[in-house]
Amino acid sequence: MKIPYPISLQLLTISFKIHKKHFSTTAAATNTNLTTLFNKYFDRTDVYSWNSLIAELARGGDSCESLRAFSWMRKLDIKPNRSTFPCAIKSCSALLDLNSGKQAHQQALVFGFESDLFVSSALIDMYSKCGKLSNARVLFDEIPRRNIVTWTSLITGYVQNDDAHEALMVFKEFLFEKSERNGEEVGTSVDSVAMISVLSACSRVSNKAVSEGVHGVAIKVGLDKVMGVENTLLDAYAKCGEVNLSRKVFDDMAEKDVVSWNSMIAVYAQNGLSTDAFEVFHGMLKAGGGKYNEVTLSTLLLACAHEGALRVGMCLHDQVIKMGYVNNVIMATSIIDMYCKCGQAEMARNAFDGMKEKNVRSWTAMIAGYGMHVKPPGYSLVELKGRVHVFLVGDKEHPQHEKIYKYLGELSVKLQEAGYVPNMASVLHDVDEEEKEMIVRVHSEKLAVAFGVMNSVPGSTIHVIKNLRVCGDCHTVIKLISKIVSREIIVRDAKRFHHFKDGLCSCGDYW
């Protein structure tokens, strides 16, 4: 039988979790009652009861429990139906659990539901979130007749994996298919979710013509006045440097939420238009545009940083403390950046030392802050397993420095076999050749890359941040290392991003 009402699904999901665990004697009576409730009202032989439980757990954010329910159902040999798989697969997506996702995919295939549009859309989303876009694309291409949910899943997948160009190509393919199929009007099935995903891709591409083209589609299908679409469009134009167009979208909005106000404030702050940023903030307060939040304060701190408005920045710092945001890593980093750019390195250091957690951006803001008043040394950052590792040239402070130098020595042999010749042009002229070669060998980015290769999963991408322009020798070495160890290595230096892969760099050796 199905779960009878008015017994709530929420109560039954609690009962399910209690039924699966051990508890202390003090709570024994309550737990026994809930377990009895679960056994009494939950029909373990009915697939619809299991579907409701799996869905309720997934909607409540209990993805692990949702998958446990799915697993328990299968162990009881209950045959799933088309409604079983989408929520189970979405739980795999939420957990980034590729192995469980593949198992669910295999079972959907066995029971003949892989071609179901809801199941296939969930699978595309799962593979995308787990970084397996090739699997998502193969699955997408095998669907004979797709709906907007399927298209949106793939477009969103490309956006989430930083391939905005491919996301836009998929959208273009969608529009072409719709125009060709039975004489349908272009884009008649586009919904707001799809449009927001496409505009997010526009934000990353930063091309005015592309953004205007997608804006035109939104107008044609009547989605240009949907608040979520307007907010994303505002950001897309801003990323193209079209501040005036962003403001026009903002001014034309019939309704604005806190995201709308924050977005417009951020546009002005990021473009150094601090006065305009505060003008919008005052308008937000006057219009009652929703309670301002940590995002609002963070963008206003950026505006203060650009303006050198220390007194206003200090007032905002006080407000951050009053609102309980002081332990927010992003907020604390904004405070550090503001103080540094207002010439108050000591106050920035106090804020930095008070942070309970620090990330790459926190370290970068603090070190860059000192660099405004003292010539900064070259350093490289790499973040692994939630910890930030900082390397200076010739660094011997890191706990693994001996292993790192040993590994670099092993790599040096392979580099020479690949034809590498050290480029000492970036080393001081009053140092002899042998010492020059040693210096370039221990540049901070080489140490960071070596550490990343040693301590990460084979095949994973390594991300490094360098505060200065990467030197020519390191650039050559990292290209060769990417080929030797079969890894993609992404280095962000003071000039740009460098994507090293298979012995080549995205910059084409021009930076």
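Visitor: Which residue in strand 6 does F500 stand opposite?
Guide: This is a predicted model. Strand 5 and strand 6 pair in the antiparallel sense, over two bridges. Across that pairing, the residue in strand 6 that stands opposite F500 is C505.

Visitor: In what order do the six strands of the open sheet run?
Guide: The sheet is open and its pairing is mixed. Strand 2 (387–392) and strand 6 (504–505) are the edge strands, since each pairs on one side only. Read across the sheet, the order is 2-1-3-4-5-6.

Visitor: Which residue in strand 2 is the bridge partner of S380?
Guide: Strand 1 (residues 379–384) pairs with strand 2 in the antiparallel sense. Six bridges join strand 1 and strand 2. The partner of S380 in strand 2 is F391.

Visitor: Which residue in the turn between strand 1 and strand 2 has a positive phi?
Guide: Strand 1 and strand 2 form a hairpin. Two residues lie between them. The turn residue with a positive phi, about 55°, is K385.

Visitor: In which sense do strand 3 and strand 4 pair, parallel or antiparallel?
Guide: Strand 3 covers residues 462–466, and strand 4 covers residues 489–492. I462 has I489 as its bridge partner in strand 4. The two strands share four bridges, and the sense of their pairing is parallel.

Visitor: At about what angle does helix 25 run to strand 5?
Guide: Helix 25 lies across strand 4, strand 5 and strand 6. Relative to strand 5, the helix runs at about 40°.

Visitor: Which residue in strand 5 is the bridge partner of R492?
Guide: Strand 4 pairs with strand 5 (residues 497–501) in the antiparallel sense. That pairing spans four bridges. In strand 5, the partner of R492 is F497.

Visitor: Why does helix 19 count as roughly antiparallel to helix 20?
Guide: Helix 19 (residues 329–341) and helix 20 (residues 345–353) have axes that come within 7 Å. Angles over 145 degrees count as roughly antiparallel. Helix 19 is therefore roughly antiparallel to helix 20, as their axes cross at roughly 165°.

Visitor: How many nonpolar residues does the contact of helix 19 with helix 20 have?
Guide: The crossing of these two helices is left-handed. Helix 19 contributes I335, I336, Y339 and C340, which meet A345, M347, A348, A351 and F352 in helix 20. The contact has no polar and no charged residues; its nonpolar residues number nine.

Visitor: How far apart are the axes of helix 14 and helix 15?
Guide: Helix 14 covers residues 243–252 and helix 15 covers residues 258–270. They pack at an angle of about 160°. That makes helix 14 roughly antiparallel to helix 15. The distance between their axes is 11 Å.

Visitor: In what hand does helix 11 pass helix 12, left-handed or right-handed?
Guide: Helix 11 (residues 192–205) packs against helix 12 (residues 208–220) at about 165°, with the axes 9 Å apart. The two are therefore roughly antiparallel to each other. Their crossing is left-handed.

Visitor: How many polar residues are in the contact of helix 11 with helix 12?
Guide: M195, V198, L199 and C202 in helix 11 meet V210, S211, V214, V217 and A218 in helix 12. Eight of the contact residues are nonpolar and none is charged. The polar count is one.

Definitions and conventions. Residues are numbered from 1 along each chain as its sequence is written. This is a predicted model: local features need pLDDT of at least 70, side-chain atom pairs count only at pLDDT 80 or more; totals for chains, interfaces and linings use all residues. Side-chain values use heavy atoms; hydrogens and water are left out. Axes are lines fitted to C-alpha atoms, for helices over the stretch in contact, and angles run from 0 to 180 degrees between N-to-C directions. Angles under 35 degrees count as roughly parallel, over 145 as roughly antiparallel, 65 to 115 as roughly perpendicular and the rest as oblique. A crossing is left-handed if the near helix is turned anticlockwise from the far one by less than a right angle, and right-handed if clockwise. Contact means heavy atoms within 4.5 Å. Ala, Val, Leu, Ile, Met, Phe, Trp, Tyr, Cys and Pro count as nonpolar, Asp, Glu, Lys and Arg as charged, and the others, Gly among them, as polar. Two strands pair if DSSP finds at least two bridges between them.
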